Structure formats: C-alpha cells, structure tokens
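Me: I have a new structure open and could use a quick tour. Can we go through it together?

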Amino acid sequence: MWNAGRETSSPGTELSENQAKKEKERLIKELQLITEERNDLRDRLRFLTERSMKNRPHFRPNPYYEDLERMEEAVMSILHNLEMENTEVNENNHKLKKEITFSR
C-alpha cells in the first residue's frame, strides 16, 4: 500500500533512452551518407580541376573553361552546404550524447 503513490521512472527513462539511441543511430547514418557525398563531390571536383589543367597546354584557351568554372562554383556551393549540414549533425549528435549521458 505504501508503494501505491510512487511512480517508477524506468519505463519513461527506457523509452527516452531507446528514442535517443534510435535518433543517435539515425544521425550517425545520415552523417555517414553526407560525408560520403561530400567526399564524392570533392573527388569529382578534383578530377574536373586536374583534367582542366591538363587540357591547357601553353595557356591555350579552353572553350570549356567557363563551363568548368560554373560547375566548380556549383560543386563548391554544394560542398559548403554539406559541410554546414555535417557541422549541424555533429552538434546535434554531441547534444544527444550529452542528453543520453545526463539521463543515465
């Protein structure tokens, strides 16, 4: 009878810990995908840049240079956006880790 007024915190804690673990796993997967995409874009940019340098013997004008510059700007913009998202995801992941540690 004296236990009737008490509430156990374990079901709520387990639920929030499970939710936090799922969210952490989701964020880790998302971070990995974003990192892979960023690395792929860097590789593409490096390939395009190196190729454009090889196609310019003796400073001969390259007719595709302007197109490559536009493509480089677009890729760099995407890369910047991905790096910003990566930073945000890392911060969120860090916050979730703190919450998980705090809830234990």
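**A first look**

Reply: Start with helix 2. It has 39 residues and reaches 56 Å from its first C-alpha to its last, close to the 57 Å expected at 1.5 Å a residue. That expected span is 1.5 Å times one less than the number of residues in the helix. This is a predicted model: local features need pLDDT of at least 70, side-chain atom pairs count only at pLDDT 80 or more, and totals for chains, interfaces and linings use all residues. Residues are numbered from 1 along each chain as its sequence is written, and side-chain values use heavy atoms, with hydrogens and water left out.

Me: How many helices and strands does the chain have?

Reply: There are 2 helices and 0 strands. Helices (H or I, at least four residues) and strands (E, at least two) are DSSP runs, numbered from the N terminus.

Me: What share of the chain is buried?

Reply: Buried residues make up 18% of the 104 residues. Buried means under 20% relative accessible area, exposed means over 50%, and partly exposed is in between (1.4 Å probe, protein chains only).

Me: And the accessible surface, what does it come to?

Reply: About 8,900 Å², with 53% of that belonging to carbon and sulfur atoms. Areas come from the Shrake-Rupley method with a 1.4 Å probe, and for residues only the protein chains shown count as cover.

Me: Now the inside. Which residues make up the largest nonpolar core?

Reply: It has 9 residues: L27, L31, I34, L41, L45, V75, L82, V89 and L96. A nonpolar core is a set of buried Ala, Val, Leu, Ile, Met, Phe, Trp, Tyr and Cys residues joined through side-chain atoms within 4.5 Å.

Me: Which elements give two or more residues to this core?

Reply: Helix 1 (10–54) and helix 2 (65–103). Helix 1 gives the most, with 5 residues.

Me: Which residues of helix 2 are buried?

Reply: L68, V75, L79, L82, N86, V89, N93, L96 and I100.

Me: Tell me about N86. What is its relative accessibility?

Reply: N86 is at 10%, so it counts as buried. Leaving aside neighbours within four places in sequence, N86 is in contact with L31, I34, T35 and R38.

Me: What about R38, buried or exposed?

Reply: R38 is buried, yet it has no salt bridge. The nearest side chain of opposite charge is E83, 5.1 Å away. Lys and Arg count as positive and Asp and Glu as negative; His and the chain ends are not counted. R38 lies in helix 1. Beyond neighbours within four places in sequence, R38 is in contact with L79, L82, E83 and N86.

Me: Back up. What counts as a salt bridge, and how many are there?

Reply: A salt bridge is a side-chain nitrogen of Lys or Arg within 4 Å of a carboxyl oxygen of Asp or Glu. A search of the whole structure finds 6. Side chains of opposite charge can pair when their charged atoms come close.

Me: Which residue forms a salt bridge with E83?

Reply: R42, with the closest N and O atoms 3.0 Å apart. R42 lies in helix 1 and E83 in helix 2, so the pair ties together parts that are 41 residues apart in sequence. R42 is partly exposed at 34% relative accessibility. E83 is partly exposed too, at 28%.

Me: What about E66, which residue does it pair with?

Reply: E66 forms a salt bridge with R70, the closest N and O atoms being 4.0 Å apart. Both lie in helix 2, 4 residues apart, about one turn of the helix. E66 counts as exposed, at 53% relative accessibility.

Me: Last one. Where is R44, and is it buried or exposed?

Reply: R44 is found in helix 1. It is exposed, with a relative accessible area of 56%. R44 and E72 are 28 residues apart in sequence and 9.6 Å apart in space, C-alpha to C-alpha.

Note on methods
Contact means heavy atoms within 4.5 Å.
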